[in-house]
Amino acid sequence: MATLYEGYTLCGVGPVQNSSNIGILGVEQGRDIDYVLVTDSSRSITVYKVSDQKPTGSWSVKQGQIISCPAVFNTQSQEYVVVTDDRVVRVWKEDDVNLEKAFKATVSADVLRVLSATDSEPVVLFCCGAVRFLDSLLASPQQPIEDVLTEDEIIRGEHCLYVQRFNPNTLVKHRIETEPGLSAPISFSATCRGSNIHLLYLYLNGSVYESVLPFRSSSTGAEGVQALSCSLCLSLPLGEEKLMSGAAVVLDEAHVAVIGFPHPSAGACKDYLCIWNTHFQTLQASKEMAGRIYSQLWCYSGKLYVPHGKMLSVIPFDCQKSSLAAAMGKLKQTSRSGKDFSSDIYEMLTCKNRKTCQNTFCLIFKPLQMDCSLVEDVQAEVGEFIRRAPQADLQLAAGRVALELVSRSQTDANFYPQCAFLQLLETRYLCYSVCPELLSLAMVKKDFHLCQIAFQIFSDIPEAVTCACLKAILSTPDLEMETVNLDTDSVIFMKELTQAHSRSDEEGGQLNGFCPPALESDVSDTPSNKLQRDPLSLDMSCPVGLHKGALLNEVLQTAYSDRSLLPHLKDLTVPQVIVFLQYLRFLYFKYSHDAHKQIRALRTPSISQIIDWVCLLLDAHFTVLAVAPEAKRLVFDLHKFVRSQVKLYAELGKIEGSLQVLKNSKQSEDFGMYAIQVIELF
């Protein structure tokens, strides 16, 4: 998951000079991660300390002079560099007051940009395509500059890419291969990962392509123009209004920040900054930006710099790799739903027939927009649409149909097509990012069946929504919950799990090194004899109904980030926390007796997931549980459970050496083709 935190204003900006320029030429990294260099389009360059939101230095050029490109900081010489009037390179230090008295040199060709990276010497890119190291250029400013581009070429971001390598000194021209009919990209972003350069292109039709170039190549440029293949990694939704600009910047290998494109579920005339996951093509985070949005976006040290309205805002973000791994880590069981979801998302990335898809939308939107349409008619129409629509069209249309149905359900209290929602979920082309209001609507309608299916399919549910669903489940009475129609497999699992209680009691054995707290021989830490003799201490019956337990199992298997989930868990009331902990204690008891292994089910929480949730609840409500009288026995039982497992692992550790010796001795014996041996340890 990705998070956009509360932003703040770094500075104001100058007046808008044209439709695409807000008055900022660029934002560059300063002398360390807490400083940035802001160059406006008038005549000034300012250094800001981001944490203090205050300027630490500012320089201006004289009236009549023009700053040609954003100023940069040379990390090797600890100096600032800027180009004015296209050919004058100026270099100055932090303590220089007057820019006119600083070093300057006039070069023989127009400069387009000065590029700087940490611990590297800046390079100067000329409008003609030539590149020079800054030091070598300043040593001989009037040196001749060769023309790399042809007469009909300019550096504008068309369909060609020149790659200049300095060691060895080679120049290779690439032609970007994309779909026919695409105009020039409106935004570029490049990152270095491993031994490759990853280039990202954003087009006005919402397509985001990626190309990969190796750092070292055997090409010398003599082969002519080389083809550079691109792969489609993201298809952004398009609103009804025609888009004129936009920007994208790579955050990490799986996330990209985009501005200028509409939010999938927001209304018109609203500008958003969005973080998308390029692996799963899902929206991870979004923030509405006040004022006009421009096609400018910068990213440094975990912060996004966004000019909008009359200000430059700093928005911290966090892209947690653990949330991507949560689908594989927190959801470790090999469920069929997870496998199908991944394959469906991969197919979405390859969908190309956008024109056919738009025609398909019309088939379903016309009846949905009719106020007189009955729920039954709409559900029948959706079912017919799903059956006859090609898979490539359905991948994109499912989200649009779901948004339309949710929007009407929110405005019309009598309209709620549950079967249509379930049919769309069964296509496995929906995710939370595509239709974020669907789960909220289901909770309002107390449609726990829909919530259960969504939990099984959606892998991008935010932690706040997960806790909201958890609170709704815990607050619903068991009698009301038992009337809900749920997935049969999950209910059977709960029924078998509760019945396994009586069978394990009749056997009276100790399985997996575990026994109930009152059966342990060492009771030195028992706080009172009365607590030990209390018959309720032996009661390991399920504290919730079968249907509520089935829904809680789905919550336990939801992907989450610990840091994001913990604050929302504090919204649970004390009775809800105690009931949930009692249920987790019940599950832990059953799993310690291996009762769950005797039951066949596709989706079951793992013991590690149970323990993780216990730890999170205790962390979120530690003070309340420590002073609440009704939680005393529960916390004590949890302590006894953990203590019994510690004893088990301690005993296993004692015989680890013996088992290792036994294993090594058996490896030297020759048993022929195969052998079966039974080793009794006890």
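The chain has a mean pLDDT (the predictor's confidence in each residue, from 0 to 100) of 77, and 76% of its residues reach 70 or more. This is a predicted model, in which local features need pLDDT of at least 70 and side-chain atom pairs count only at pLDDT 80 or more, while totals for chains, interfaces and linings use all residues. Residues are numbered from 1 along each chain as its sequence is written, and side-chain values use heavy atoms, with hydrogens and water left out.

Trainee: Over residues 322-372, how many contacts beyond four places in sequence does the model have?

Mentor: In this stretch the pLDDT stays under 50. With contact meaning heavy atoms within 4.5 Å, the number that the model has for residues 322-372 beyond four places in sequence is 93.

Trainee: How are helix H5 and helix H7 oriented to each other, roughly parallel or roughly antiparallel?

Mentor: Helices are DSSP runs of H or I with at least four residues, and strands are runs of E with at least two, numbered from the N terminus. The axes, lines fitted to C-alpha atoms over the stretch in contact, with angles from 0 to 180 degrees between N-to-C directions, come within 8 Å for H5 (residues 375-388) and H7 (residues 418-426) and cross at roughly 15°. Angles under 35 degrees count as roughly parallel, over 145 as roughly antiparallel, 65 to 115 as roughly perpendicular and the rest as oblique. H5 and H7 are therefore roughly parallel.

Trainee: Which residues of H7 make the contact with H5?

Mentor: On the H5 side, the contact is made by Gln-379, Val-382, Gly-383 and Ile-386. The partners in H7 are Gln-418, Cys-419, Ala-420, Gln-423 and Leu-424.

Trainee: Which residues of H14 do Phe-448, Gln-452, Phe-455 and Gln-456 in H9 meet?

Mentor: Helix H9 (residues 448-457) packs against helix H14 (residues 546-556) at an angle of about 30°, their axes being 9 Å apart, and the two are therefore roughly parallel to each other. The named H9 residues meet, in H14, Leu-551, Glu-554 and Val-555.

Trainee: How far apart are the closest N and O atoms of Arg-31 and Glu-94?

Mentor: The structure holds 16 salt bridges, each a side-chain nitrogen of Lys or Arg within 4 Å of a carboxyl oxygen of Asp or Glu. Arg-31 lies in the loop between strand S3 (24-29) and strand S4 (35-40), and Glu-94 in the loop between strand S9 (88-92) and strand S10 (103-106), 63 residues apart. Arg-31 forms a salt bridge with Glu-94, and the separation of their closest N and O atoms is 3.2 Å.
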